[in-house]
Amino acid sequence: MSTIAENIAKVRERIREAAQASQRDFASVGLLAVSKTKPAAAIREAHAAGLRDFGENYLQEALNKQAELADLDLIWHFIGPIQSNKTKAIAEHFAWVHSVDRLKIAERLAAQRPAHLPALNICLQVNVSGEASKSGCSPEQLPALAQAVTQLPHLRLRGLMTIPEPTEDAAQQHAALARLRQLRDALDLQLDTLSMGMSQDLEAAIDEGATWVRIGTALFGARDYGQP
């Protein structure tokens, strides 16, 4: 068994144990492999070990990998900050976008989603920790943004995403992640998705209701940002 396959098995076991501890169904937690800066060969290896969903932060890198891996049945998720000039390619080449944080971006994605494709699955990114360096709308901006996005064609608002301030403190992890769940529930829009939890806090995220955990390092090892 390859290292990536071994890592996938270990992460799946962490998810299974966390779901069991939280009295949740293991199948209700999706594993989104964060493959940014990793070569297409690593994605191919992860797919051979059973993964289908892959998250990318950088558009051109993702498009190159999609072309190289076109023979595989993969589901691509865009999870990085979105610039206006990138929305057309994102709308054309991804099934999910987790990082919509303003109406202008949602409107462009809706207008540019090809009519022959299914509705684009959308998560609204919320800055629950209030960090100036982080993308995401504020909790106060969320209700109006969510209502507006539900009115747009070719998009399906699925839920919320967050990247909390990193911390080793379990109580702080839970507090930030619980905040996203509370914000989703307060919208009363029957949203089914919470995209939250990474390699270091996936247990807390699952306990707080995560339906996608976004895992990179624990699957593929440390990222090499020197690579294109």
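Which residues have the most contacts inside the largest nonpolar core? They are Leu109, Ile122 and Leu124, within a core of 64 residues. A nonpolar core is here a set of buried Ala, Val, Leu, Ile, Met, Phe, Trp, Tyr and Cys residues joined through side-chain atoms within 4.5 Å; buried means under 20% relative accessible area, exposed over 50%, and partly exposed in between (1.4 Å probe, protein chains only).

The model is predicted: local features need pLDDT of at least 70, side-chain atom pairs count only at pLDDT 80 or more, and totals for chains, interfaces and linings use all residues. Residues are numbered from 1 along each chain as its sequence is written, and side-chain values use heavy atoms, with hydrogens and water left out.

**Stop 1**

Helices (H or I, at least four residues) and strands (E, at least two) are DSSP runs, numbered from the N terminus. Apart from this core lies another, of seven residues, among them Leu32, Ile79, Trp96 and Trp212.

Next, centre the view on Ile122. Leaving aside neighbours within four places in sequence, Ile122 is in contact (heavy atoms within 4.5 Å) with Val97, Val100, Leu109, Val149, Leu155, Arg156, Leu157, Arg158 and Gly159.

**Stop 2**

Select strand S5, residues 120-125, in which six of six residues are buried. In a regular strand the side chains alternate between the two faces of the sheet. Leu120, Ile122 and Leu124 point one way from S5, whereas Asn121, Cys123 and Gln125 point the other way.

Two strands count as paired if DSSP finds at least two bridges between them. Val97 has Ile122 in S5 as its bridge partner. From S4 the chain passes through helix H5 (residues 103-112) to S5 in a right-handed β-α-β crossover. Right-handed means that, with the strands pointing away from the viewer, the path from the first strand over the helix to the second runs clockwise.

Now show strand S6, residues 155-161, which pairs with S5 in the parallel sense over six bridges. Gly159 in S6 stands opposite Cys123. Helix H6 (residues 142-150) carries the chain from S5 to S6, and this β-α-β crossover is right-handed.

**Stop 3**

Select strand S2, residues 53-56. Asp53 and Gly55 point one way from S2 and Phe54 and Glu56 the other, and all are buried. Strand S1 (residues 30-34) pairs with S2 in the parallel sense over two bridges, and Ala33 has Phe54 as its bridge partner in S2. The chain crosses from S1 to S2 through helix H2 (residues 40-48), with right-handed β-α-β geometry.

S2 also pairs with S3 in the parallel sense, over four bridges; Gly55 has His77 in S3 as its bridge partner. Helix H3 (residues 59-68) lies on the right-handed β-α-β crossover from S2 to S3.

**Stop 4: a pocket**

Which residues lie nearest the centre of the second largest pocket? Select Gln66, Leu74, Trp76, His93 and Phe94, which belong to a lining of 13 residues. A pocket is an open set of points, on a 1 Å grid over the protein atoms alone, with protein on both sides within 12 Å along at least five of seven lines; lining residues have an atom within 4 Å of a point. Strand S3 (75-78) and helix H4 (87-93) are the elements giving two or more residues to this lining.

Technical notes: 1 Å grid on protein atoms, 1.4 Å probe; cavity = no way out; pocket = protein on both sides within 12 Å on 5 of 7 lines; lining within 4 Å.
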